[in-house]
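Please look over the sequence and the structure below. The paragraphs that follow lead from the whole chain to single residues.

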Amino acid sequence: MERNLKIYPPSEDTFLLQESIPKFRRNLAIDVGTGSGYLAFFLSEFVNYVIATDIELDAIKYALNNLKTKNIYNVDFVVTNLFDCFRENIFDLIIFNPPYLPFNGKKTDLDVQTVLNFKGKNIIIEFLSKLKKGLKKDGECFIVLSSLSPLEVIFNFINSHGIKSEKILSKRFFFEEIFVLKLSYTS
Ligand SMILES: C[S@@+](CC[C@H](N)C(=O)[O-])C[C@H]1O[C@@H](n2cnc3c(N)ncnc32)[C@H](O)[C@@H]1O
């Protein structure tokens, strides 16, 4: 994968999410906020058809270029906010390595990749509020969070909206712990 400084490179959080996802066969999955496309390519090994989205056209062009270097024919890319432009309740699997850090007071061009309230709204809460409409009845979601994320707000939302959550994997750094949650619905 050729490096592009404007696109989020596969990183520790990318690899933790990859490691968390059980590789059993599914029909349709979506990689939300795909960046380089790395996780979409991974999903393509065991999911029949994979859609990958990003809000940034440059990321989608970059991921598409990466796709062209591989023999992968079951992945397509779409520029959209989250998974807004798809029909309801179609995904067996939704994964998201979101921008999960709070704004630190210094704006940069790369905030869209890492800052969760980059546009004044909490993108993780927006994602969670749409999740039930995205997943099939028995579908599953895997999302990365950090000890630096506003976890109280996030878990309040999860617990008050009938979402089942399970911590799958975590990794500790000296300043932060990142972890993957599996999310699903009982009914
Ligand atoms: C932390 S990066 C993860 C990239 C890649 N999935 C990975 O794990 O290496 C977050 C990605 O989400 C994208 N993103 C941010 N807000 C988004 C939104 N509202 N809808 C879709 N993608 C978004 C960013 O452009 C960025 O590519």
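Which share of the contacts in the protein chain with a separation of 6 or more comes from residues 24 or more positions apart? Such residues account for 65% of these contacts, where two residues are in contact if their C-beta atoms, placed from the backbone, lie within 7 Å. The model is a predicted one: local features need pLDDT of at least 70 and side-chain atom pairs count only at pLDDT 80 or more, while totals for chains, interfaces and linings use all residues. Numbering of residues starts from 1 along each chain as its sequence is written.

The protein chain contains six helices and seven strands. These are DSSP runs numbered from the N terminus, with helices being H or I of at least four residues and strands E of at least two. Along the sequence their pattern is α-β-α-β-α-β-β-α-α-β-α-β-β. The C-alpha atoms fill a box of roughly 45 × 40 × 30 Å, taken along the principal axes. For 187 residues, a compact globule would have a radius of gyration near 16 Å, and the 15 Å of the protein chain agrees with this. That radius is taken over C-alpha atoms, and the globule rule is 2.2 Å times the number of residues to the power 0.38.

Next comes the interior. Of the 187 residues, 37% count as buried. A residue is buried if 20 or more other C-beta atoms lie within 10 Å of its own, exposed if 12 or fewer, and partly exposed in between, with C-beta atoms placed from the backbone. The largest nonpolar core has 48 residues, and A40, V50, I94, I95 and I143 touch the most other members. Such a core is a set of buried Ala, Val, Leu, Ile, Met, Phe, Trp, Tyr and Cys residues joined through C-beta atoms within 7 Å.

Strand 4 (residues 91–96) is largely enclosed by the rest of the structure, because five of its six residues are buried. Strand 1 (residues 26–32) runs parallel to strand 4 and is joined to it by four bridges; two strands pair if DSSP finds at least two bridges between them. Here A29 has L93 of strand 4 as its bridge partner. Strand 4 also pairs with strand 5 (residues 135–146), in the parallel sense and over five bridges. Leaving aside neighbours within four places in sequence, I143 is in contact with F96, P98, V180, L181 and L183.

The ligand is surrounded by 25 residues, the closest being T14, G33, G35, I55 and N97. A residue is near a molecule if its C-beta atom, placed from the backbone, lies within 6 Å of it. Helix 2 (38–43), strand 2 (47–54) and helix 4 (111–114) are the elements that give two or more residues to this shell. Helix 4 gives the most, with three residues.

E166 has its place in strand 6 (residues 163–172). Is E166 buried or exposed? E166 is exposed, because 10 other C-beta atoms lie within 10 Å. Not counting residues up to four places away in sequence, E166 touches L181 and K182.

E126 lies in helix 5 (residues 123–134). With 16 C-beta neighbours inside 10 Å, E126 counts as partly exposed. Beyond residues up to four places away in sequence, E126 touches L82 and K121. E126 and L82 are 44 residues apart in sequence and 8.8 Å apart in space, C-alpha to C-alpha.
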